[in-house]
Amino acid sequence: MNPGKSSSLGRFATRHALSITFIAAALCLAGVFAALRTPSSVFPQTDFPRVVILVNNGIMPASEMMATITRPIEEAMKEIPA
């Protein structure tokens, strides 16, 4: 491309700067309008079942508690069908 010549896209943008600015502003406003009107939840409302298991084994150390209590309970809960 010759540095002395401007491209046809550059000439078009210069000639129609006001139109391009108007279109860009209109698209921005349309985006803001759409963002405000679009519902915030994309996924449907679901209620997942919740299971709470409380185990108290006194002052057992955390590593021993994990091996003897927590892990077996987790494994047993995995086998229960949902």
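These are my notebook entries on a predicted model of one protein.

**Ground rules.** I number residues from 1 along each chain as its sequence is written, and I keep in mind that side-chain values use heavy atoms, with hydrogens and water left out. Since the model is predicted, local features need pLDDT of at least 70 and side-chain atom pairs count only at pLDDT 80 or more, while totals for chains, interfaces and linings use all residues.

**Confidence.** I looked up pLDDT (the predictor's confidence in each residue, from 0 to 100) and found a mean of 84 for the protein, with 89% of its residues reaching 70 or more. Confidence is highest in helix α2 (residues 17–37), at 95, and lowest in α3, at a mean of 86. I note that where pLDDT is low, the predicted coordinates should not be read in detail.

**Fold.** The secondary structure consists of three helices and zero strands, where helices (H or I, at least four residues) and strands (E, at least two) are DSSP runs numbered from the N terminus. Along the sequence I read the pattern α-α-α.

**Exposure.** I took buried as under 20% relative accessible area, exposed as over 50% and partly exposed as in between (1.4 Å probe, protein chains only); on that scale, buried residues make up 2% of the 82 residues. The protein exposes about 8000 Å², of which carbon and sulfur atoms supply 66%, the areas coming from the Shrake-Rupley method with a 1.4 Å probe, with only the protein chains shown counting as cover for residues.

**Salt bridge.** I searched the whole structure for salt bridges (a side-chain nitrogen of Lys or Arg within 4 Å of a carboxyl oxygen of Asp or Glu) and found one. The side chains of Glu75 and Lys78 meet in a salt bridge at 3.6 Å, N to O; the two residues lie three apart in helix α3 (residues 62–78), which means that about one helical turn separates them. Glu75 is partly exposed at 37%, whereas Lys78 is exposed at 63%.

**Nonpolar patch.** Val51, Ile53, Val55, Met77 and Ile80 form a nonpolar surface patch with about 420 Å² of accessible area together. Patches take residues with over 30% relative accessible area and no salt bridge, joining like charges within 9 Å and nonpolar side chains (Val, Leu, Ile, Met, Phe, Trp, Tyr) within 5 Å. Met77 belongs to helix α3 and is partly exposed at 31%.

**Thr70.** I placed Thr70 in helix α3, partly exposed at 28%. Its C-alpha atom is separated by 8.5 Å from that of Val55, 15 residues apart along the chain.
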